Amino acid sequence: MKEVLILGQGIAGTVLSATLQKKGINVTIIDSPSKSKASQIASGLYNPIVLKRMKLVHFAEEMMRDLHGFYEDLENILEVNFFHPSPIHRIFHDVAEQNDWFAKSDHPDWKSYLGDIVNGIGEIKSPHGMGIVNQTGWVNTRKMLNAFRTKNKVIEQIVEAKSLVNPDGNIIFDGKVFDALVFAEGWLAAKENVFYPVDVFRPSKGELLEIKISPKKAGQSVLHFKHFLIPVENDVYKTGATYVHGQFDETTTPESAKELMNALRKIFPRDVEITVLNQMAGVRAATKDRRPLIGKHPEYSKVFFMNGLGSRSILMSPYLSNCLVQCMLYGSEIPPSLDINRFF
């Protein structure tokens, strides 16, 4: 395999492209950034724990194993700093959450992730304390995607998926024949791509705010309360995201801004001024079983998928890309719970 065509240059498509390039594969990317902003505005958090339910992410250990090395290497290749390892301070809502933390922190599966409990940081309200989550951080997705786009040829064009696969299953675009095609177009596949299984996506809209906090009392750690608060630069932070199921538009709403601001007001003293600088919206490519879609099409041997990563694209992409590249190049099997063929 020498030439691969990828539809979509979001987080999944970018990470997969970089993984293929490391193997010496030539990659051509088709993308239409005007159709979806989800990856550009994503929080970029990586965290092996679902903090609201205190569960480990499926394949968390494998995903964490591949993550740091990949993003550090990509930073060097692109010559841009976008990778920010940072612990998450989770604010406990009650004593029960604190007790659950203590109980899990001694378990071998959790020990490397759950750190100390502290009283708080700065003047943020945390009457029941905070738990420190280790091996976490965030990626400035906008910087990463734009830097990759600058160094690689990305064709900005709206293309129908079915136009890329001819009747005998060969992949042809702009007169050129490719060895493989990967669909990595995100939630738009739910509306436009006939090659996916029927009724597999459950897209959810999310909104975030970029805010300025003055005086600066939030520190430089990532916070988790009802939402996340991420220190971007100086006294600018990103907070979110909301979840609205069944909405397939990327327009911002006053309701989501109010929800996020109300949540922030509950953890900051009254004298702290919070100014909204920007409001953003995107649609996550979630699936009905909340697990990603990777693997090979059951009928078209040159068609592959890298999609359905939901809100955890930064965490999942390096590991899933490795799985998919091994499948594409060497015929390795995809773990059944991640394989898109579970829905065909």
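The model is predicted, so local features need pLDDT of at least 70 and side-chain atom pairs count only at pLDDT 80 or more, while totals for chains, interfaces and linings use all residues. Residues are numbered from 1 along each chain as its sequence is written, and side-chain values use heavy atoms, with hydrogens and water left out.

Let's start with the helices. Helices (H or I, at least four residues) and strands (E, at least two) are DSSP runs, numbered from the N terminus. Helix 1 (residues 11–22) and helix 8 (residues 313–330) have axes that come within 9 Å and cross at roughly 45°. Axes here are lines fitted to C-alpha atoms, for helices over the stretch in contact, with angles from 0 to 180 degrees between N-to-C directions.

Now, how many salt bridges does the structure hold? There are 13, each a side-chain nitrogen of Lys or Arg within 4 Å of a carboxyl oxygen of Asp or Glu. One of them pairs lysine 176 with glutamate 3 (3.2 Å, N to O). Lysine 176 is in strand 13 (residues 176–178) and glutamate 3 in strand 1 (residues 3–7), so this pair ties together parts 173 residues apart in sequence.

Are these two buried or exposed? Buried means under 20% relative accessible area, exposed over 50%, and partly exposed in between (1.4 Å probe, protein chains only). Glutamate 3 is buried at 18%, whereas lysine 176 is partly exposed at 35%.
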